[in-house]
Amino acid sequence: MHILIAPNAFKNSLDAAKVAEAIDKGLHQSKLSCTTTCFPVGDGGDGTAGLLIDHLGGQLIQAIVENPLKRKITSSFGWIEKEKTAIIELAAASGLRLLKPDEYDPLITTTQGTGELIIEALNKGATKIILCIGGSATVDGGTGILKALGIKFFDAEGNELNDLPASLSSLAEIDITGLDKRIANTEIVILCDVENPLLGSNGAAAVFGPQKGASGEGVELLEKGLTKLREVVLNKTGKDMAVIKNGGAAGGVAASLHTLIHARLVNGIDYFLEAAGFVKELKKADMVITGEGSIDEQTLQGKGPFGVAKRAKEFSLPVIAFAGRLAITPDQSSQQYFDRLISINENTDDLEAAMKNAYPNLEKAAEQLGDLL
């Protein structure tokens, strides 16, 4: 039996490669006679760019950019010379992982550093940029990226707004004449891992603001700013950022880059699997094992394990998924894709312990599965 191990990361616990390693180790400690291939996946979330760079044989290029609080840091992006393609992870310049928890404040944090990485990629001669936007510390509507690319934002008196996104509700005019001319000849693809719109109760500020440190009042201010951005952009371009599926991803980065610099928004896992050659590995497999930290209703909206399972079912392969937390009832919609859902934790009440012990718990669960098989 040949088993393809293709998990997503267990967020804030293990990256996808470590998850695959633990499952692989457990299977080979079991009584099951099998061969395995590890194929860790990413759906646009934090860590996706690194996996893509590995799968595509890219190299890392270092660059000095600003972090979300405008401190200079050494960051990097992936470079594939043959295709003149850059792979950029927003979280590598503008991510929560670059800040201490007491520094989280989406009224201050900016995506400027990600824009600086894009400029570095253009300087290298990029004709295509793949942007993975999960894990951001920001809800700035992508204004930091756009400023780095040469777009300017003004209030009604003609003063340039420099303390975005806090001052975004004062926006009256956008000047795109300074936009870097090279953008027009560059294909920009954004891998989205969520489907939230820009505005409203399911939008960028309401859903992601609190995760990034916003208070109730802060969420209201962010929503007000994004609403004003949508209004000004609509007047300027005739395009409505509020109706874009995935528009709220990375605090509105997806909506603004799609509208103002014609970035193409794609489902993260589908794009990843296609680019990384997943089908080639599926053709050799007798079974697929996937998983992520929490398998819930959002998983079935297009997250990593769903994308893996959907592809596997096209080849009529059995699919088993491991999760730290199972928040989904086995019903027709989930059973259509997952033959078995397995929680690796006996006690899910102690989240801290579950996250700390994710590796040994995965290993043990995989060994038990191997024995059953």
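Helices α7 (residues 216-237) and α8 (residues 249-261) have axes that come within 11 Å and cross at roughly 5 degrees. That makes α7 roughly parallel to α8 (angles under 35 degrees count as roughly parallel). The model is predicted: local features need pLDDT of at least 70, side-chain atom pairs count only at pLDDT 80 or more, and totals for chains, interfaces and linings use all residues. Residues are numbered from 1 along each chain as its sequence is written, and side-chain values use heavy atoms, with hydrogens and water left out.

**Helix pair**
- L226, V233 and T237 in α7 meet G251, T259 and L260 in α8 (contact means heavy atoms within 4.5 Å).
- The residues of this contact divide into three nonpolar, three polar and no charged. Ala, Val, Leu, Ile, Met, Phe, Trp, Tyr, Cys and Pro count as nonpolar, Asp, Glu, Lys and Arg as charged, and the others, Gly among them, as polar.
- Axes are lines fitted to C-alpha atoms, for helices over the stretch in contact; angles run from 0 to 180 degrees between N-to-C directions.
- Helices (H or I, at least four residues) and strands (E, at least two) are DSSP runs, numbered from the N terminus.

**Sheet**
- Five strands form an open, parallel sheet in the order β2-β1-β11-β12-β13 (two strands pair if DSSP finds at least two bridges between them).
- At the edges, β2 (35-38) and β13 (340-343) each pair on one side only.
- Neighbouring strands are turned by 25 degrees against each other on average, direction ignored.
- Three bridges join β1 (residues 2-5) to β11 (residues 287-295). I5 has I289 in β11 as its bridge partner.

**Helix on the sheet**
- Helix α14 (residues 358-372) packs on the sheet and touches β11, β12 (319-326) and β13.
- The direction of α14 makes about 145 degrees with that of β12.

Technical notes: Parallel < 35°, antiparallel > 145°, perpendicular 65-115°, else oblique.
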